[in-house]
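Please read them with the structure open.

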Amino acid sequence: MKRLGLVAVIIFGALLFSVSFELPDLGDAQSPASTHVSPYYIEHTLEDTSVPNIVTAILADYRGYDTLFETAVIFSAGLACFFLLRITGRKAPKARFYRHLPTGLTLRIEKGGRLPEESREFERIDSVWVPSDVIINMTCRLVVPFIQLFALYVIAHGHHSPGGGFQGGVIFGAALILFAISNNLRSSTRRLSERSSALLGSGGVLIYLGTGLLCILLGAGFLNYSGLSVLPGLDPVSARSHGILIVEIGVGIAVTAVMVWIYYNLASAGTQEEGL
Amino acid sequence: METVGALIIAKYNYWAVVVLIVIGLYAMIAKKNLVKKIIGMNIFQTAIILFYVSIGAKRGATLPIIEHAHGHGGHAVQAADYINPLPHVLMLTAIVVSVATLGVALALAMRIYFHYGTLEEDEIQKKIIGNEPAPGDGTG
């Protein structure tokens, strides 16, 4: 099987290699990919949308349907992880143990019992919990806010510099995941619970969809942001620019939430207890 | 000799993509471990992303953000001055989607591990054919 696979793969690679001589040269401005639709985008983006970053304009305006469904794909990937691991996967252990710090007593709490999770008097005890390292903990505590700030900048400044909803959302999600790795899963779910990450993920997709539907209500086509120009203080071109910003914020929220949601489920094998 | 050099400069991006595609495909076909198959799939995806991005390049052009867009108005935008933005848009979403699908693939691998106790393909097959009672959905 291994040798057969190797032979098949080498034949496939040789075929691709022989075809590569027919393909346009690297950096050829007259290649087919660069001569049909893309000149239109480059020359008309500024007058259509007043957004200097052509990539952002194409992403959220010219190819708005594509991006809408890509966001939906990301959200459904988060849902798939949730159903695979959380619903049908391993269950959290039935009983939990807590130490009452002032007296030193150990409490055993069955499922359904009151869980003194938030209290400072009780400390959770379990076998997989690992104390986090002070140096790593402090470094990440210093770094995480700046990463988050940079992510917000990337989302908000996506019109004028490289950036946008997807990139900023991934950076923000990475900052939250860094926090979860450096501290522990429990303290990060206390800040952004699984429920709210799922709600934020669907909320982000709904912002995108709602913007499209609002355009219909205001008398333009689905995702045709120039319809927003009936709102005070907007002409059709700046309405498109603002519509793109709203949509990018929706994408950023959805991507952030889904990245964190997938991490929660993968890292703990669906139990939302401490893992990794 | 000069023509060979020119040929290498004109086509090396495709050759790099071919090498990555072959590595990824071989890992998906020949490796028995499911996680290694997933890694192969990711290498394959990376090759496709590189392919698209290298298609968008134009010699002598800059990145697709219009310079002096506001304030200096009046000058026409030339398509030859900016690289092709379309492949970048397509790959931007593809990168994030590939991360999300990687999460789904790892979740599936995790379920398989809980059910069969192994990630090796041949051992899983042996357990399915031998009709051994599965060790259950491990609860601990």
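This is a predicted model: local features need pLDDT of at least 70, side-chain atom pairs count only at pLDDT 80 or more; totals for chains, interfaces and linings use all residues.

1. Residues are numbered from 1 along each chain as its sequence is written, with chains lettered from A in the order in which they are written.

2. The largest nonpolar core has 68 residues, and A:I58, A:A254 and A:V258 touch the most other members. A nonpolar core is a set of buried Ala, Val, Leu, Ile, Met, Phe, Trp, Tyr and Cys residues joined through C-beta atoms within 7 Å; buried means 20 or more other C-beta atoms within 10 Å of a residue's own, with C-beta atoms placed from the backbone. α9(A) gives the largest share, 18 residues (helices are DSSP runs of H or I, at least four residues, numbered from the N terminus).

3. Which residues does A:V258 touch, leaving aside those up to four places away in sequence? They are A:I74, A:F75, A:A77, A:G78, A:G201 and B:A100.

4. Contact (C-beta atoms, placed from the backbone, within 7 Å) links 48 residues of chain B with 53 residues of chain A. On the chain B side, α3(B) supplies the largest share, 18 residues.

5. The axes of α2(B) and α3(B), lines fitted to C-alpha atoms over the stretch in contact, come within 10 Å and cross at roughly 175°. The two helices are therefore roughly antiparallel, the term for angles over 145 degrees between N-to-C directions.

Key: A residue is buried if 20 or more other C-beta atoms lie within 10 Å of its own, exposed if 12 or fewer, and partly exposed in between; C-beta atoms are placed from the backbone. Two residues are in contact if their C-beta atoms, placed from the backbone, lie within 7 Å. Axes are lines fitted to C-alpha atoms, for helices over the stretch in contact, and angles run from 0 to 180 degrees between N-to-C directions. Angles under 35 degrees count as roughly parallel, over 145 as roughly antiparallel, 65 to 115 as roughly perpendicular and the rest as oblique.
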